[in-house]
Amino acid sequence: MSLLSPQSTNSMFNSDVGPQDLASAAALFKNPVPLHGSKRNTACQQCRKRKLKCDTKRPCSTCKRSHHYARSHVHEGMKASSEIECTYADELEPSPPPSSKIKILESRVVELESMLQQMQLALDESKRSVQPEIIKQTATVQAEEPQTAWLDGYIAQDAGSPFGNLDFAYHHGSDTIPSTSLHTTPELGNTSGPNALTVTTYKQSQLLLLGWPHGLPDPEVTRHLVHAFFAFCTHAGRLFHGPTFLSSLDLPPTDTRFPFTGVLHAMCAVGSLYTADIPQPSVHDRMSFATRCNGSFFSVEELFSGKWRQYDQRPDSFAEQQAKLARLATELAIDRGEHLRECMQAQIILTWFYLTQARWSEAYISSGHALRGTVPFGFNISPPFFNTDMPLGAATNCIPSVLEQAHSVTEVEIRRNVFWIAYAMERQQAVGNPFAMVLDDMDICQLLPLRGDQFEQGVDVPTTERQWSHDRTMFLIHPPAQTDSFILFVKSTILLSHVKNFNIRVRGRYFTGDPAVYPQYPNAEHEMSNWDPRGSPAFQELEHITVMFRQSFPSHMKNPMQDDTVDPYLFNASTAAHLSQLILHEPYADISDSNCVSRQQILKAVRSILDLMYSLTATSYDVSLLDHLCILSLNICNRVLVRALKAAIDENNAEEIVVLHSEIIYIYGVLAQAGERLPLAYRYKKVVYDTLANICGPQFVENIRVQDLPYRKSRVPPSPSQADMYDPMMFVQNVYSPGALAMSAVPQA
């Protein structure tokens with residue numbers, strides 16, 4: 001059927017037809033109109049929604065019926081509409097096309113961006129105008145709050161510092177703590193007097209994370225330091241369950257699962273030693289300070305750091321501030337009976353920090369405090385060893401403890417690891433001093449730790465498949481399912497403890513008549529002067545264990561350096577195995593007698609330790625990352641070698657002099673390299689220098705220069721720096737006392 005009538009068709013081909021008429025006709029044929037018209041969207045909007053038939057009347061029949069039904073069934077108290085709701089699409093306002101909507105949104109985005117830029121410019125301008133006034137405007141607050149209020153917060157004078165409230169440096173090593181809570185609203189009453197405290201008020205206007213602990217750096221810096229702690233501290237992954245702790249750090253500070261503040265302070269103190277973002281005071285030469293007015297000098301083995309610290313004219317470093325905050329926070333929490341397990345963890349970290357800084361008196365007290373604190377917490381025992389007032393056949397899993405019972409396998413193993421690390425820290429110090437140890441091994445009835453992977457996964461290993469600390473066979477038997485480098489490290493520490501106990505108790509046991517310390521074949525004369533403990537069963541048993549312990553390591557764990565990595569726990573365990581043999585024989589060695597068995601054994605042990613160090617220093621490993629036990633063992637090795645060198649000098653044995661002197665110089669070089677970061681290694685380097693000069697003669701130290709030593713490896717760079725995390729002006733570099741005397745008796749290293 002044609003869409004055009006004959007008349008219209010004929011008219012299109014007349015002579016007076018224009019171009020526009022032809023274009024209209026072409027468009028008509030190209031897009032023909034349907035005969036019946038378009039029925040799309042002809043139904044009313046209401047019928048389309050309800051999917052009902054619509055007769056397209058206005059209003060339609062369906063909407064009329066619906067309206068009538070609604071009016072006849074209206075509820076009481078409600079008024080029905082008198083108008084029938086029936087609308088069509090052509091009656092609605094046309095919606096703008098999509099392109100116009102996009103243009104509207106784009107114009108709105110541009111408008112908002114311009115507003116934000118104006119606000120930022122205004123904020124920057126206000127900061128520049130306010131900053132000069134901040135220096136001048138201060139408020140004084142009278143110190144009327146209790147002395148524990150310092151834990152509630154500090155206000156930093158440098159408002160732009162990310163360290164928040166850390167400008168409260170303890171000058172001249174003072175332990176004085178301000179007794180005012182500076183975050184409270186100041187009362188401008190009496191502004192004079194000895195108790196008045198000057199506080200800047202600009203910091204109070206800064207926006208901080210709600211509930212963020214005062215005294216800690218900003219959250220970004222704190223997380224960076226915590227990650228540095230986990231990366232570089234040997235015990236971090238065993239002292240804490242890493243995934244759980246790091247995830248809890250992302251919680252709001254007001255959450256009960258957020259880490260304990262004392263732990264975070266301790267982590268910041270240790271983590272700051274291994275990052276370039278926190279400036280560290282130089283490792284100063286303590287020999288340049290005078291102890292008294294009479295001109296006597298400090299010994300390099302000075303136990304009490306406060307004697308030289310009072311002459312060190314500098315404020316406390318960031319790490320020292322955080323350590324003091326951690327110590328005082330733990331003391332306050334223990335006084336309140338809160339976060340007791342976390343307090344022990346913080347105490348262990350502080351012990352590690354004090355040892356690193358060669359603060360021996362504080363490390364000794366802190367380690368003893370940590371280990372003794374584990375006893376009332378029940379960390380030193382495990383069921384069925386628990387109490388003396390119950391029958392031997394009684395079975396219970398409850399142990400005497402001031403803590404609540406652990407509710408998960410992970411918590412149980414964390415408590416066990418806390419004990420073993422506290423035990424190891426205290427025993428390592430005991431090896432280097434003549435004092436008795438804090439906790440007797442007979443009072444320890446604890447399981448050895450789990451393997452690292454089992455600890456991470458929270459695997460519950462039955463007691464029957466694990467080893468006990470009091471089992472003597474555990475030194476020579478290492479089940480594959482329950483052996484890793486940390487377990488071997490714990491075993492080596494227990495062995496060191498047994499050797500130390502034997503040496504300090506052997507004379508007392510002799511006088512009490514203990515047959516284990518008497519020779520198996522005694523002479524007729526039973527005199528103390530003729531008594532040699534090396535012939536006793538107790539000594540021979542220990543000697544057998546010390547010799548066989550290192551050899552009994554699993555074959556895949558004999559070398560602590562494999563696949564271009566160093567296992568620090570396995571390195572410590574290997575070192576401790578040789579060190580235990582050295583300590584066992586040293587008291588009985590006649591260093592001048594080349595035929596003395598004990599002399600041969602201690603020199604063999606020294607050279608075995610040095611062999612481990614030779615292998616380590618042949619790589620790019622940074623020796624400043626070594627654990628304290630390795631640094632301590634080098635000091636003991638030096639002590640033996642200097643004695644042997646003195647004997648060789650007296651015998652005029654030139655060949656042995658050269659060998660021994662080169663070994664001492666090597667130890668000096670390793671300690672000098674580690675001493676660039678660790679004050680502990682620095683002080684032991686001074687011990688090596690001074691003992692060599694004083695015992696063997698100044699000629700043996702005349703040509704020692706660190707840059708000429710055989711060991712000068714490039715160090716591993718510190719943890720990657722973050723953006724502008726500190727203000728260098730906050731930290732004052734070391735300034736020596738003007739009246740300090742210089743050491744001139746012995747040439748300085």
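Okay, Arg 238 first: this one is buried, at a relative accessible area of 9%. By buried I mean under 20% relative accessible area, with exposed being over 50% and partly exposed in between, using a 1.4 Å probe and protein chains only. Before I go on, this is a predicted model, so local features need pLDDT of at least 70 and side-chain atom pairs count only at pLDDT 80 or more, while totals for chains, interfaces and linings use all residues. Residues are numbered from 1 along each chain as its sequence is written, and side-chain values use heavy atoms, with hydrogens and water left out.

So what does Arg 238 pair with in a salt bridge? The partner is Asp 484, and the closest N and O atoms are 2.4 Å apart. The rule for a salt bridge here is a side-chain nitrogen of Lys or Arg within 4 Å of a carboxyl oxygen of Asp or Glu. Asp 484 sits in the loop between H15 and H16 and Arg 238 in helix H7 (residues 236-239), so this pair ties together parts that are 246 residues apart in sequence. Helices, by the way, are DSSP runs of H or I with at least four residues, strands are E runs with at least two, and numbering goes from the N terminus. Asp 484 is buried as well, at 13% relative accessibility.

How many salt bridges does the structure hold? The count is 23. Another one is Asp 622 with Arg 677, at 3.5 Å, N to O. Asp 622 is in the loop between helix H19 (597-617) and helix H20 (628-651), and Arg 677 is in the loop between helix H21 (654-674) and helix H22 (679-696), so that pair links parts 55 residues apart in sequence. Asp 622 is buried at 2%, and Arg 677 counts as buried at 16%. There's also a network: Arg 341, Glu 411 and Arg 415 are joined by salt bridges that share partners.

Then look at Arg 509 and Asp 514, with their closest N and O atoms 2.9 Å apart. Here Arg 509 is partly exposed at 24%, and Asp 514 is partly exposed at 23%.

Moving on to helix H16 (residues 485-511), that's where you find Leu 495. Buried or exposed? At 0% relative accessibility, Leu 495 is buried. Leaving out residues up to four places away in sequence, Leu 495 touches Phe 475, Ile 545, Thr 546, Phe 549 and Ser 580, where a contact means heavy atoms within 4.5 Å. Leu 495 and Leu 579 are 84 residues apart in sequence, yet 9.9 Å apart in space, C-alpha to C-alpha.

Over in helix H13 (residues 360-373) there's Ser 367, buried at 2%.

Now cysteines. Taking a disulfide as a pair of cysteine sulfur atoms within 2.5 Å, the count comes to 0. Cys 60 is in no disulfide, and the nearest cysteine sulfur, on Cys 63, is 3.3 Å away. Cys 60 is buried at 0%, and Cys 268 is buried at 0% too.

Last stop, Leu 476, in the loop between helix H15 (452-457) and H16. Leu 476 counts as partly exposed, at 34% relative accessibility.
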